[in-house]
Amino acid sequence: MTRDLYIRTIEQHPDKIWDFIIIGGGATGLGAGVDAASRGYDTLLLEQYDFSKGTSSRSTKLIHGGVRYLAQGDISMVLEALEERGLLRQNAPHLFRNLKFIIPSYEWWGGPFYTVGLKVYDMMSGRLDLGPSEYLSREEIMDAIPNLVQDELKGGVIYHDGQFDDSRLAINLAQTIVENGGYVLNYFNVTGLLKDQEGMINGVICTDEETGKQYNIYSKIVINATGVFVDDILRMDEKKHRNTVVPSQGVHLVLDRSFLTGDYAIMIPRTSDGRVLFAVPWHDKVVVGTTDTLVETACIEPRALDEEIEFILTTAVKYLRKAPSRKDVLSVFAGLRPLAAPEEEGQETKEISRGHKITVSLSGLITIMGGKWTTYRKMAEDVIDKAEILGGFEHIPCVTRNMPVHGFVKNINRKDHLYVFGSDLTKIRRMISENPKLGEKIHTALPYLKVEVVWAVRHEMARTVEDVLARRTRALFLDAAASMEMAPIVGKIMGKELGKRRSWRKKQVESYLKTASGYILN
Ligand SMILES: Cc1cc2nc3c(=O)[nH]c(=O)nc-3n(C[C@H](O)[C@H](O)[C@H](O)COP(=O)(O)OP(=O)(O)OC[C@H]3O[C@@H](n4cnc5c(N)ncnc54)[C@H](O)[C@@H]3O)c2cc1C
């Protein structure tokens, strides 16, 4: 992934007409990029910040059918998500973990009730299932999760779902686009749409955020995959376009692993506000969340509200014996769900379908919104199928169902934190053996090594200190304070790799500290 080379090539061919330009480098856009490029289309993806800087790095990290959606009766969505869960396990095993979830029951009827529901969930997974759900006695639950509040505990149910690393998958998808002949550019902001004499969209106006240089790039089809920002792009096409997406904020708190030891996650199916709450072990920490708060406007760095933090902590205290408080929070992160605006007035956000929606504007702009990480591949297949018809292309069948994602490898040693690199791990190890200094840790609180910074710059298009600390490694999400202490070292290594001056490094570190301070609770 060589940003400068791609920009040079675009400059050398100003009249080139791409088959597809995809705006947005989150799960939706990257998925669409992989699908289009792997069908053989000339594909260019443009992301205004970094890949997965938006919602796609801020998920609960689950690849799941959605037990809650089953309870809501959204059977077709659960079936689709369960199938996609199985396909991701097959195509990106290096990032997928089969995780056991326990639903503790404090009512006598809870165990049998959920056991029946989860048997249906198992059946719906078909041949792609991850393992059977089963009822566990009070003693078995206490053995599995010693940290669980035990008063009144009656028993519980265990079931399986998937877990992943969202922004690592995003980077791997970007690499997969490139391997299939497509181009991806981060820090390329689309500021306008180009139209032909008939008013049909035939390209985009965009700016390289690093140089300020503006480009007109042409394509047969433009796909708007900008998550909570889809309406901004729609208004570039049609000034008075009404809002089609409602942003709904979800917050997570990250705690030390001592709050939830063992290999199991906890799922609370009905909190006091009627939502689901998860406590999930992730990269040797525990992620607890989430909330669902409607917000007026979308922004790229949403901030957790005090009431959201309080809600998560007070709910967690009911279930975790070691009660977490604000001072135990290592990181707090918020994300915005791009929910398709409700069809009925007064509908609550937790009731709005998580299914995706594809629209085509009169100008030919294709917009894809909603959905979830779990179904990114199917969403991509759907949108490219539609785009083929609109663009007058002869149909080329989708090939991603059985296509490995970059990094695919079967044998994974999860004890070594570098496992997320999958097939790239051999090359990373070689770099360390050639230069042992690269094997040094950056901070005692987190496992990350200097080699990961170098690798991220050379092979994963990391351009800023934040790219490395938030999305190539997950330091910001796992321990925000430690990540702030890592920033000067990361800045120094990156500055050297990118050939930047000292002033660049200083600005980078300052900017990172400002962003990261929003992930710390005072
Ligand atoms: C709290 C929370 C928890 C979730 N948990 C899960 C989960 O556990 N499992 C699951 O399957 N799903 C989960 N989801 C849903 C999932 O994360 C989202 O559906 C998915 O990440 C949305 O991806 P996206 O690409 O549509 O949006 P985004 O990731 O926001 O990507 C859109 C991108 O478009 C870019 N962009 C915007 N405007 C422009 C422009 N003008 N030019 C160029 N680029 C532009 C943005 O910078 C952004 O990077 C969760 C969501 C939230 C909020």
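Arg3 is buried, with a relative accessible area of 2%, where buried means under 20% relative accessible area, exposed over 50% and partly exposed in between, with a 1.4 Å probe and protein chains only. Its salt-bridge partner is Asp208, which is buried as well, at 3%. This is a predicted model, in which local features need pLDDT of at least 70, side-chain atom pairs count only at pLDDT 80 or more, and totals for chains, interfaces and linings use all residues. Residues are numbered from 1 along each chain as its sequence is written, and side-chain values use heavy atoms, with hydrogens and water left out.

**Salt bridges**

- The structure holds 40 salt bridges, each being a side-chain nitrogen of Lys or Arg within 4 Å of a carboxyl oxygen of Asp or Glu.
- Between Asp208 and Arg3, the closest N and O atoms are 2.9 Å apart. The pair links distant parts of the chain, with Asp208 in strand E9 (residues 201-208) and Arg3 in helix H1 (residues 3-12), 205 residues apart. Helices (H or I, at least four residues) and strands (E, at least two) are DSSP runs, numbered from the N terminus.
- Glu11 and Lys213 also meet through their side chains, at 3.0 Å from N to O. Here helix H1 supplies Glu11, while Lys213 sits in the loop between E9 and strand E10 (214-224), 202 residues apart. Glu11 is partly exposed at 34%, and so is Lys213 at 42%.
- Lys53 pairs with Glu301, their closest N and O atoms being 2.7 Å apart. Lys53 lies in the loop between strand E2 (43-46) and strand E3 (62-63) and Glu301 in the loop between E15 and H9, so this bridge ties together parts that are 248 residues apart in sequence. Both residues, Lys53 and Glu301, are buried.
- A salt-bridge network includes these two residues, Lys53 and Glu301, along with Asp50, Arg58, Arg303, Glu466, Asp467, Arg471 and Arg472.

**Overall fold**

- The protein chain has 16 helices and 20 strands. Its radius of gyration is 23 Å, close to the 24 Å that the globule rule gives for 522 residues, so the chain is as compact as a globular protein of that length. That radius is taken over C-alpha atoms, and the rule is 2.2 Å times the number of residues to the power 0.38.
- Along its principal axes, the C-alpha trace spans about 70 × 55 × 40 Å.
- Of the 522 residues, 60% count as buried.

**Backbone geometry worth a look**

- Most residues other than glycine have a negative phi, and most peptide bonds are trans.
- Gly289 and Thr290 are joined by a cis peptide bond, with omega about 20°. Thr290 is in the loop between strand E14 (285-289) and strand E15 (293-294).
- Asp284 has a positive phi near 65°. This residue falls in the loop between strand E13 (277-282) and E14, and is exposed at 57%.
- Glu152 likewise has a positive phi, about 70°. Its place is the loop between H6 and strand E6 (155-163), and Glu152 is exposed at 55% relative accessibility.

**Negative surface patch**

- Glu134, Glu139, Glu140 and Asp143 form a negative surface patch. Patches are made of residues with over 30% relative accessible area and no salt bridge, with like charges joined within 9 Å.
- Helix H6 (residues 138-144) gives the most to this patch, with three residues. Glu140 lies in helix H6 and is partly exposed at 41%.

Terms used. Patch = residues over 30% accessible without salt bridge, like charges linked within 9 Å, V, L, I, M, F, W, Y side chains within 5 Å. Areas by Shrake-Rupley, 256 points an atom, 1.4 Å probe, with all protein chains shown as cover. Lys, Arg positive; Asp, Glu negative; His and termini not counted. Charge placed at Lys NZ, Arg CZ, Asp CG, Glu CD.
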